[in-house]
Amino acid sequence: MSVRTPDPNPGWLPDFALDETRARVPILYVEAVPVRIDPLGHVESIGVLLRGSSTTGVMTRTLVSGRVLHGESVREALLRNLEKDLGPTAFPQLPATTVPFSVAEYFPLPGVSPLYDPRQHAVALAYIVPVTGDCNPRQDALELTWLTPAEAASPDLLADMEGGRGSLLKEALAHMGALPQ
């Protein structure tokens with residue numbers, strides 16, 4: 001029988017422990033590309049978040065993302081992070097399978113791969129998630145912009161995405177057959 005006081009935030013590490021862990025082992029994340037689809041399943045628009053970068057302080061575009069917590073399933077993490085970034089009325093339709101369209105690997109050293117995170121070595125399972133409700137960005141996201149596939153594939157937008165996520169967005173567009181010719 002344990003006499004310890006239950007952790008009020010199970011699955012979360014204190015900041016000092018998270019920093020220590022990030023310095024030693026890869027951290028698992030989920031990322032989501034929110035999309036609006038027509039009745040035939042064709043992509044009409046792609047949602048891209050605007051937020052201030054925690055590392056540089058500049059405004060950048062990014063995708064829905066967040067850690068998978070200890071004891072949390074990938075599906076639960078995906079749903080929690082979609083709600084965290086898009087609000088509770090986004091009504092995401094999670095994929096039937098947890099097989100991602102991509103496994104993205106972020107390195108703390110620039111140039112190792114197109115994806116970069118100066119805080120850590122991270123591995124993200126990336127999903128395309130249709131949303132049907134109203135999206136109201138929360139937490140540190142300032143706005144959600146809905147773009148056509150052609151707008152989302154613009155070199156300027158892709159280059160503006162945090163941590164090289166433009167390459168991940170381009171891969172998502174190709175996976176959906178929505179990459180303009």
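A nonpolar core is a set of buried Ala, Val, Leu, Ile, Met, Phe, Trp, Tyr and Cys residues joined through side-chain atoms within 4.5 Å. In this predicted model, the largest such core holds 27 residues. One cavity of 30 Å³ or more is counted.

**Nonpolar cores**
- Within the largest core, the residues touching the most other members are Val33, Ile46, Phe101, Tyr106, Leu168, Leu169 and Leu173.
- Strands and helices both build this core: E1 (27-37), E2 (43-52), E5 (102-106), E6 (122-130), H4 (155-160) and H5 (165-175) each supply at least two residues.

**Phe101**

**Helix H1**
- Helix H1 spans residues 15-22, and its buried residues are Ala17, Leu18 and Arg22.
- These buried residues fall within an arc of 135° seen down the axis of H1, so they line one face of the helix.
- Their cover includes E1 and strand E4 (64-67).

**Cavity**
- The largest cavity has a volume of about 30 Å³.
- Its lining consists of Val74, Arg75, Leu78, Leu94, Pro95, Thr97, Thr98 and Tyr127.
- Helix H2 (residues 74-86) gives the largest share of that lining, three residues.
- By class, five lining residues are nonpolar, two are polar and one is charged.

Terms used: Residues numbered from 1 in each chain as written. Predicted model: local features only at pLDDT ≥ 70, side-chain atom pairs only at ≥ 80, totals over all residues. Heavy atoms only, no water. Buried < 20%, exposed > 50% of the residue type's maximum accessible area, 1.4 Å probe, protein only. Helix = DSSP H or I, 4+ residues; strand = E, 2+ residues; numbered from the N terminus. Arc of directions from axis to C-beta. Contact = heavy atoms within 4.5 Å. 1 Å grid on protein atoms, 1.4 Å probe; cavity = no way out; pocket = protein on both sides within 12 Å on 5 of 7 lines; lining within 4 Å. Points joined across faces, edges and corners; volume = space filled by probe spheres on them. Nonpolar A, V, L, I, M, F, W, Y, C, P; charged D, E, K, R; others polar.
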